[in-house]
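Here's a quick tour for anyone meeting this structure for the first time. Have a look at it below, then read on.

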Amino acid sequence: MSKQQVLSEPETPVSQPSYRVIGTPRPKVDAYAKVTGRALYADDILLPRMVYGRLLRSPHPHARILSIDASRALALPGVLAVDYRRRSAAPLRYFAFQPG
Amino acid sequence: MSMENVEKSQFRYTITLLEVLREDLGLIGTKHGCELGECRACTVLIDGQPSLSCLVLPVEVQESEITTIEGVETNGHLHPLRETFAELGAAQCGYCTPGILLSGIALLRHHPQPTRAQMQEALAAVPGIPGSTRQWKLPPSA
């Protein structure tokens, strides 16, 4: 195929006035939910027994985690669990949870 | 607000108006965005004036009338601005749409035939903040 052919306009389909959807403006399915404030976003959702998670990241840009002492975090009121995984070579992940 | 009167004792006083509306009163149509007064997602009308609820403490508005996106439905009909937003698909992700609509509705109450400059100013978070003004720049003359 020559360059000329590649760059040429695609053939315009012959007008089909019988189409009911193609070529006509369609309302967005969630348009009314969004203009009435009823659209639900992740932050709007409350589930029974929902708890909140917090990710604690290292304040140091380049450091090795030698040990983690979660006892003070666990002693805080409302903290349900502190979770961290230790894998030989993989970086440590450290999670704390607070209830809502 | 959809509710006529809210007892002061019903909500915590150490949080922002935004959090009172969303968390204590369950009016989640007002959106929680940047918490810095920049994104305008939290806009509500305080005594008819568009205001950023993330920067307002409940004690400041004890005697005021607060209108949220839930409160602007009139006689079961959508405000023409909302109808137009829905018809034209103006809401993309839609998270900031309630704030934009409230700003627009407040503008139209004061200026039913606003000039382009008035529209531009109303759609900027605070007149003179260039970021927001750019964000909501109107298309070249219609």
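Predicted model: local features only at pLDDT ≥ 70, side-chain atom pairs only at ≥ 80, totals over all residues.

Residues are numbered from 1 along each chain as its sequence is written, while chains are lettered from A and ligands numbered from 1 in the order in which they are written.

**The sheet**
- Chain B has an open sheet of 3 strands in the order β2-β1-β3, with antiparallel pairing; strands (E, at least two residues) and helices (H or I, at least four) are DSSP runs, numbered from the N terminus, and two strands pair if DSSP finds at least two bridges between them.
- At the edges sit β2 (49–52) and β3 (66–67) of chain B, each pairing on one side only.
- Strand β1 (residues 43–46) of chain B joins β3(B) over 2 antiparallel bridges, and Ile46(B) has Ile66(B) in β3(B) as its bridge partner.

**The helix on the sheet**
- Helix α3 (residues 97–110) of chain B packs on this sheet, touching β1 and β2 of chain B; contact means that C-beta atoms, placed from the backbone, lie within 7 Å.
- The direction of α3 makes about 35° with that of β1(B) (axes are lines fitted to C-alpha atoms, for helices over the stretch in contact, and angles run from 0 to 180 degrees between N-to-C directions).

**Two loop residues with positive phi**
- Most residues other than glycine have a negative phi.
- Glu35(B) has a positive phi near 65° and lies in the loop between α1 (17–24) and β1 of chain B.
- Glu35(B) counts as partly exposed because it has 15 C-beta neighbours inside 10 Å; the cut-offs are 20 or more other C-beta atoms within 10 Å for buried, 12 or fewer for exposed, and in between for partly exposed, with C-beta atoms placed from the backbone.
- Asp47(B), in the loop between β1 and β2 of chain B, has a positive phi near 50°.
- With 11 C-beta neighbours inside 10 Å, Asp47(B) is classed as exposed.

Technical notes. Contact = placed C-beta atoms within 7 Å.
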